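Hi there,

Here is the structure I promised to pass on to you. Please have a look at it first, and then read my notes.

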Amino acid sequence: MPQFANELNELRLRRVLQGRRDPRSSQNGYATEPIPGREPMPGESFRFIHASDFHLEAPLGDLDAIPHHLREAMADAPRRAAKAVFEAALVDNIDFLVLSGDLLNPQAAGPHGMALLLDYFEKLNAKKKPVFWVAGTADDPQKWPEAAPLPPNVTLFPKNKAVAIPVERAGRTICVVVGRSSEGRSTLHVPSYRIDPTDEYTVAIGYGSSDADALKEGRFDYWALGGKHNRQQVDGGAEGAAVYCGSPHGRSLDEPGAHGYSIVDVDADQTTRVHDVDCDVFRYCQVEVDAAEIAAVGGIRNLLGERIVRLQHDHGGRHLLIGWDISVSSGESLHAIGDSEELLQWLRREYGSGTPAAWTASLVVRPPKHYPKSWNDEDTILGDFLRAAEKHRKSDARGLNLSPFTEEHSGIQSTTSSLLADVSPAAREDILDQATLLGVELLRGGKPNLVHES
């Protein structure tokens, strides 16, 4: 571990915050009352911010094309979200900032990402606001360069043991913060967080997956957890709350919905209130559509347009990155979708240029498992093709040999060909479904092109 990290983690004892502040309640949050049987010690109210998983080294994902008018906004979105966290922490009624891992990989993020952190750490230092940082796997303390020392208000917790630090305001301890950086585990090791009993409110900071039974063994008032990019509250994990606050910004269609940080209010009776603040610029949305919905609305364009309008209303003026998952129940319903590639381009033209934009990042048509029996019974090439596909489907596509398809292309390297031919069972089934759909479209006269019909 770099020398500066050792000094900060082993020798820093206290950071004093000036001024008394009253917490504000929020209708968007949730509150937990003191546990029956536990008499809370009278104390002072305080407020802190919990944030994690900035991943400043990672751009927005699941984009096969980047529209020209959104390039700058897309490139800057993760940084804007991280800045929103720090700007909120600089407000006078915030006592300290808790960061629970994976802020950035210094080598991958480069000086640009590191400068953002250091600049805001210095601003917080100027306002005498402590920052408590537990590293995850991306921001391993050993990766932080010694040439970029952290300011004295920043505690980067060590990996080899848990450290407890009292937080003071006007000469009085308002809480104790306990943290330990990750050793590379995928799960949080709660037993290593044992500290001497205290009557003060305790905030434990950890990185990695865990459940309520494991977390409650720590007997902390608040668990500030990192390592999950979507928000999650672990009910019963702590006397006040146990929260994965998620990333300030989503990065893929696997991370749909709102992203931001948490503000935690603790009153004089140690009642904990947590509310989420959204700060994402682009919001990923995964939308499922089926043939019945298309039929009910009267066309695929009408249905998708209505969904986009609803999404824009629900997500409050943010740019949307949408993934459409369209299920087809039968062969006859294929005509309701038309050419999927043309439908994709139509969506991007029609809705991707607005302010805010609703950009279609992905459009997947799930082929039907069964086609009309009359097609299957035909004494035609189509009938032969469908019967062969059904035979492979019954054997879970185990008999499919994909090697000849890669060998036809001499430009593909042998290692790449081997990887393409060695497909997992789940992927083989999907490939078979897509190949069957393509074959049906071609053998019935080409892809149906009814996208422009109302």
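Below are my notes, from the overall make-up down to single residues.

This is a predicted model, so local features need pLDDT of at least 70 and side-chain atom pairs count only at pLDDT 80 or more, while totals for chains, interfaces and linings use all residues. Residues are numbered from 1 along each chain as its sequence is written, and side-chain values use heavy atoms, with hydrogens and water left out.

**Overall**

The protein has 12 helices and 17 strands; these are DSSP runs numbered from the N terminus, with helices being H or I of at least four residues and strands E of at least two. Of the 454 residues, 50% are buried (buried means under 20% relative accessible area, exposed over 50%, partly exposed in between, with a 1.4 Å probe and protein chains only). Among contacts with a separation of 6 or more, 69% are between residues 24 or more positions apart; a contact means heavy atoms within 4.5 Å.

**Two helix pairs**

Two packed helices are described by the angle between their axes and the distance between the axes. Here axes are lines fitted to C-alpha atoms, for helices over the stretch in contact, and angles run from 0 to 180 degrees between N-to-C directions.

Helix 2 (residues 71-89) and helix 3 (residues 106-126) have axes that come within 10 Å and cross at roughly 10°. Helix 2 is therefore roughly parallel to helix 3 (angles under 35 degrees count as roughly parallel, over 145 as roughly antiparallel, 65 to 115 as roughly perpendicular and the rest as oblique). On the helix 2 side the contact involves Arg79, Ala82, Lys83, Phe86, Glu87 and Ala89, which meet His112, Gly113, Leu116, Leu117, Tyr120, Phe121 and Leu124 in helix 3. By class, this contact has eight nonpolar, two polar and three charged residues; Ala, Val, Leu, Ile, Met, Phe, Trp, Tyr, Cys and Pro count as nonpolar, Asp, Glu, Lys and Arg as charged, and the others, Gly among them, as polar.

For helix 9 (residues 381-394) and helix 12 (residues 425-443), the axes also come within 10 Å, and they cross at roughly 175°. That makes helix 9 roughly antiparallel to helix 12. Helix 9 contributes Ile381, Leu382, Phe385, Leu386, Ala389, His392 and Arg393, and helix 12 contributes Leu432, Asp433, Ala435, Thr436, Gly439, Val440 and Leu443. Nine nonpolar, three polar and two charged residues make up the contact of helix 9 with helix 12.

Three strands form an open sheet in the order 15-16-17, with parallel pairing (two strands pair if DSSP finds at least two bridges between them). Strand 15 (282-290) and strand 17 (358-366) are at the edges with a single partner strand each, so one side of each has no neighbour in the sheet. From one strand to the next, the twist averages 15°. Strand 16 (residues 319-327) is joined to strand 17 by eight bridges, and leucine 321 stands opposite tryptophan 359 in strand 17.

**Two buried loop residues**

Histidine 249 sits in the loop between strand 12 (241-244) and strand 13 (260-266) and is buried, with a relative accessible area of 1%. A polar atom of the histidine 249 side chain lies 3.0 Å from the backbone nitrogen of valine 281. Valine 134 and valine 178 are 44 residues apart in sequence and 9.6 Å apart in space, C-alpha to C-alpha.

**Backbone points to check**

Most residues other than glycine have a negative phi, and most peptide bonds are trans. Aspartate 102 is not a glycine but has a positive phi of about 55°; aspartate 102 lies in the loop between strand 4 (96-99) and helix 3 and counts as buried at 3% relative accessibility. Arginine 219, also not a glycine, has a positive phi of about 55°. Arginine 219 is found in the loop between helix 4 (212-216) and strand 10 (222-226) and is exposed, with a relative accessible area of 69%. The peptide bond from threonine 355 to proline 356 is cis, with omega near 5°, and proline 356 is in the loop between helix 7 (340-351) and strand 17.

Best wishes

Definitions and conventions
Polar contact = N/O pair within 3.5 Å; in protein donor to acceptor, adjacent residues only side chain to side chain.
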